[in-house]
2 protein chains.
Amino acid sequence: MSQHQTQDITQAVLDRLSADADPRFKQIISAVVRHMHALAREVDLKPEEWMAAIQFLTRVGQTCDDKRQEFILLSDTLGLSMLVVQLDQARRSRDLKGATEATVQGPFYWENAPVLPLGSDIGKGMAGEPAYYAGKVTDAAGKPIANCCVDVWSGDGEGVYDMQKEGDAGMQLRARFHTDAQGRYHFWSIKPTFYPVPDDGPVGAMLRAMGRHPNRPGHIHMKVYADGFAPLTTHLFAADSPYLDSDAVFGVRDSLIVHYEKHAPGKAPDGRALDKPWHSAAYDFVLAQAK
Amino acid sequence: MSQHQTQDITQAVLDRLSADADPRFKQIISAVVRHMHALAREVDLKPEEWMAAIQFLTRVGQTCDDKRQEFILLSDTLGLSMLVVQLDQARRSRDLKGATEATVQGPFYWENAPVLPLGSDIGKGMAGEPAYYAGKVTDAAGKPIANCCVDVWSGDGEGVYDMQKEGDAGMQLRARFHTDAQGRYHFWSIKPTFYPVPDDGPVGAMLRAMGRHPNRPGHIHMKVYADGFAPLTTHLFAADSPYLDSDAVFGVRDSLIVHYEKHAPGKAPDGRALDKPWHSAAYDFVLAQAK
């Protein structure tokens with residue numbers, strides 16, 4: 001019996017998979033085929049709708065460049081990225097016990113940000129109100145982790161990331177700090193504000209068709225990592241930001257919401273004198289041992 | 001209760017859809033979210049696998065250009081395109097009763113092929129053995145459809161389409177013919193051979209990882225359309241071609257397999273004298289009334 005006689009095209013595709021294929025790849029691609037076919041059957045997908053989907057995905061791919069990753073944005077806005085973070089944390093829940101919660105990386109991470117001394121101000125000259133960030137990194141037992149990298153990035157006080165700026169702005173509002181012997185970190189940046197995810201591309205059009213706003217609550221990104229520990233990718237969210245209840249990428253977790261204390265002009269904890277209002281945000285990170 | 005407290009992120013995404021969104025769009029995008037999330041949960045998708053998927057889809061998008069549609073190829077090779085054809089035919093089965101079966105369009109259709117007189121040879125100068133195509137187009141009751149467009153395209157005798165050739169080859173092996181008053185068509189082209197779908201891109205890599213060959217059995221594409229009738233997109237497959245049982249895009253249907261009769265050099269039915277062996281293929285198309 002020739003294969004084209006097979007009534008069920010889904011089974012025909014699955015039957016074509018070689019016994020020699022990598023088992024994990026086989027498991028995933030089989031699930032992709034089954035779910036994609038089930039989706040098409042469930043909605044009785046019409047040829048013109050299929051073509052619209054092809055054109056949409058093509059535009060998503062072609063909107064990607066060195067500094068823009070529209071497929072990550074698509075995954076983020078459909079909650080898939082955050083689901084993958086949740087699945088990862090659930091899978092490793094025993095190993096991660098007591099550690100700070102993770103959230104999505106988002107599309108604006110840039111490797112190899114400058115390594116700066118503790119106390120540096122990465123917000124200098126940027127739009128936004130100054131904010132002093134301080135805290136420590138420990139293991140789950142509370143033991144400080146010295147020389148731990150705290151890799152931070154955020155948009156400016158208007159919610160714009162360096163990568164989104166016209167021309168080649170270079171890196172802004174990014175740095176890698178290393179904790180001191182007591183596991184402490186501190187640095188200056190700005191207080192982040194809410195902002196729309198890039199919505200001038202196909203994902204923005206999708207959000208509008210869904211009747212959704214494109215905004216994320218104000219947050220600063222952090223990757224925290226040290227030898228011997230499970231690396232952490234997370235954000236700190238400003239407690240007074242709008243959109244905490246409707247983050248466009250579903251990344252908010254209660255444990256990551258931080259109160260930014262507002263201060264009148266004057267002296268900061270590190271001795272710096274400020275002639276305008278400033279904020280302070282304190283957060284301690286807990287890393288799990290690497291397994 | 002804030003939305004970020006929602007345990008089930010899938011429900012959180014669905015809850016974000018506006019009541020005002022287009023109902024059909026809402027139905028489809030909801031199904032996309034549910035199936036995509038179900039897929040991630042079923043395989044417990046790991047962050048590095050998610051990232052590999054993001055990079056794969058980005059490459060698929062970026063492999064598309066004016067003449068190459070890698071997303072259609074992806075859909076074709078995963079059986080989705082053919083499933084959409086099947087769903088469309090099933091949905092319209094009452095209206096399409098008695099009509100010729102459809103199959104996938106594939107990624108090599110080029111609009112506005114030259115309109116040529118019946119009997120023209122679009123295979124002249126091309127690699128491949130000459131083939132004479134003849135038949136008629138009727139409605140389901142057998143009544144001839146005059147002035148019906150038969151839009152044909154194929155690769156050459158080595159399985160290469162004009163779009164795949166180096167430089168700008170222009171249109172080759174493509175034409176639009178119109179049936180005569182008796183609904184008849186006839187033209188010359190080549191006998192198509194099996195060929196691999198473009199496998200130097202991300203879809204080719206996927207097929208190799210699946211342990212699948214990339215080949216399609218030899219076929220010639222046809223779009224057949226006339227005012228007042230439901231347009232048909234289909235192929236004719238050569239009965240003696242390899243890969244009829246394992247078409248890389250799952251497009252073969254028994255009713256579309258045609259015997260190419262081989263002839264010694266000599267006179268063809270239209271009076272043409274050939275100094276080399278040639279083939280003839282006869283096929284009658286049936287179109288359903290438009291609804």
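**View 1. Strands β7 and β8 of chain A run side by side.** Strand β7 (residues 219–225) of chain A pairs with strand β8 (residues 232–238) of chain A in the antiparallel sense, over 6 bridges. Strands here are DSSP runs of E with at least two residues, helices are runs of H or I with at least four residues, and both are numbered from the N terminus; two strands pair if DSSP finds at least two bridges between them. Look for A:Val224, whose bridge partner in β8(A) is A:Leu232. This is a predicted model, where local features need pLDDT of at least 70, side-chain atom pairs count only at pLDDT 80 or more, and totals for chains, interfaces and linings use all residues. Residues are numbered from 1 along each chain as its sequence is written, while chains are lettered from A and ligands numbered from 1 in the order in which they are written.

**View 2. The open sheet of chain A.** Its 5 strands have the order β3-β2-β7-β8-β9, with mixed pairing. At the edges stand β3 (174–178) and β9 (257–258) of chain A, each with a single partner strand, so one side of each has no neighbour in the sheet.

**View 3. Chain B against chain A.** Here 68 residues of chain B are in contact with 68 residues of chain A (contact: C-beta atoms, placed from the backbone, within 7 Å). Helix α2(B) gives the largest share of chain B's side, 16 residues.

**View 4. Two domains of chain A.** The domain assignment, automatic or from a database, gives domain 1 (3–70) and domain 2 (98–287) of chain A. Their centres, taken over C-alpha atoms, are separated by 37 Å. The contact takes 8 residues from domain 1 of chain A and 6 residues from domain 2 of chain A.

Conventions:
Contact = placed C-beta atoms within 7 Å.
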